[in-house]
Amino acid sequence: PYRGNCDSFLFFHLSCFLIPLKAATAPRISSKRLALNYFDMNYKTQFGSLWPSIRISLLSEQKYGVLLNNYSDVESVTRDMEVLNAKGFNFESQKSELSSGAEAPAPSPTSTAISPNIQCYTFPKGDISRFPPASSSGSVPPRAFLSASALVSLAAGQVAANDISASGTKRLGGVLHSYVPKELHKAVRVTSLDGRNWGKVEKETYDKVLVDVPCTPDRQCAMEEEDNIFKRIRSQERQMLPMLQMQLLISGILAAKPGGEVVYSTCTLSQLQNEYIVERATELIENQYSIGVRVENCNHFRKLFHDTFSFSADCRLGELVLPHLTANFGPVYFCKLQRVR
């Protein structure tokens with residue numbers, strides 16, 4: 001009798017535990033699905049009838065470009081690009097503009113010319129070919145793959161690169177030192193400081209500053225579960241992004257010399273993280289530091305590269321590259337500023 005009672009007693013209590021355990025292990029909405037739900041709610045309002053085509057492009061394979069390494073055998077790599085039928089879109093775009101006989105755009109207070117040292121290749125619109133892996137028999141790789149989010153060039157003088165993440169700093173340092181000859185390594189300084197303090201530590205130091213901020217990387221959030229910022233445990237981090245972005249942009253402006261140029265960039269479609277950050281940061285830096293900032297007109301780049309990228313027609317400040325199935329780059333937002341005092 002005792003054994004029977006014991007069995008009944010155990011069964012009763014186990015059944016009580018099994019019911020909530022089953023509910024607790026029920027499938028939860030993935031971070032990718034949370035991201036897409038958020039995008040559908042916000043970007044449908046922002047882009048209207050364009051959103052379905054942008055959405056399917058975000059969920060499709062991304063297109064890449066190639067940046068030639070000027071410290072490698074450029075002529076050999078250029079021939080390889082021609083064999084692949086890839087086009088040098090920066091040079092081709094400028095030649096097309098000159099040959100069209102179109103009226104030259106009004107000159108900008110700062111130069112919009114593209115350095116001849118920057119040579120970029122991609123496949124034409126509608127061509128979904130892929131670049132083969134780069135092989136190198138020399139001391140530096142001949143080219144780097146780009147998602148068209150940033151172009152980095154080492155000019156005469158010093159280059160400083162900062163990332164608060166230790167792993168990010170290690171990766172950044174490795175890339176720079178891999179693509180730049182050893183004799184020029186001393187010209188590149190890589191640090192791991194809080195970028196919000198950079199403007200105080202390096203006040204009025206640089207001629208040009210790139211502020212590539214953390215954001216909700218829309219394509220990655222829609223495609224990858226790992227390290228997705230839409231994970232529930234990262235909700236507070238995601239909500240604080242606009243404040244962090246504004247602080248980093250202000251810090252970048254403070255680090256620029258009077259007359260220096262600052263480029264703010266993200267890989268999101270979000271107006272809140274793009275134009276609104278530029279507007280708010282320039283307003284605050286005027287009020288708090290009495291520093292004037294001019295937002296540059298970047299329409300020149302939209303006209304120059306309209307055959308390569310798909311640009312938003314409704315971006316009030318800067319330019320926004322939209323994902324499109326025939327030219328599946330981005331999203332990329334960039335805005336050029338000049339510190340006037």
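The side chains of Asp194 and Arg196 are joined by a polar contact of 2.9 Å. A polar contact here is a pair of N or O atoms within 3.5 Å; within protein, one must be able to donate a hydrogen and the other to accept it, and residues adjacent in sequence count only if both atoms are side-chain atoms. Before I go on: this is a predicted model, where local features need pLDDT of at least 70 and side-chain atom pairs count only at pLDDT 80 or more, while totals for chains, interfaces and linings use all residues. Residues are numbered from 1 along each chain as its sequence is written, and side-chain values use heavy atoms, with hydrogens and water left out.

Back to Asp194. It sits in the loop between β6 and α7 (198-201). Helices (H or I, at least four residues) and strands (E, at least two) are DSSP runs, numbered from the N terminus. Asp194 counts as partly exposed because its relative accessibility is 22%; buried means under 20% relative accessible area, exposed over 50%, and partly exposed in between (1.4 Å probe, protein chains only).

Which residues does the UniProt annotation "binding site" cover? In that unreviewed entry, they are Asp163, Asp194 and Asp212. UniProt positions are given in the numbering used here, feature names are shortened, and annotations may be inferred rather than shown by experiment. The three are spread over 50 residues of sequence, yet they cluster in space, with a largest C-alpha distance of 13.7 Å.

Asp212 is in strand β7. Its side chain makes a polar contact of 3.0 Å with the side chain of Ser265.

Next, helix α6. Its buried residues are Gly168, Thr169, Gly173 and Leu176. Seen down the axis of α6, they fall within an arc of 130°, so they line one face of the helix. That arc is taken from the directions from the helix axis to the C-beta atoms. The face turned away from the buried side carries the exposed residues Lys170 and Arg171.

Last, the cores. A nonpolar core is a set of buried Ala, Val, Leu, Ile, Met, Phe, Trp, Tyr and Cys residues joined through side-chain atoms within 4.5 Å. The largest has 42 residues, of which Phe39, Leu249 and Leu269 touch the most other members. Helix α10 gives this core its largest share, eight residues. A second, separate core of 15 residues includes Cys298, Leu304, Phe305 and Ala327.
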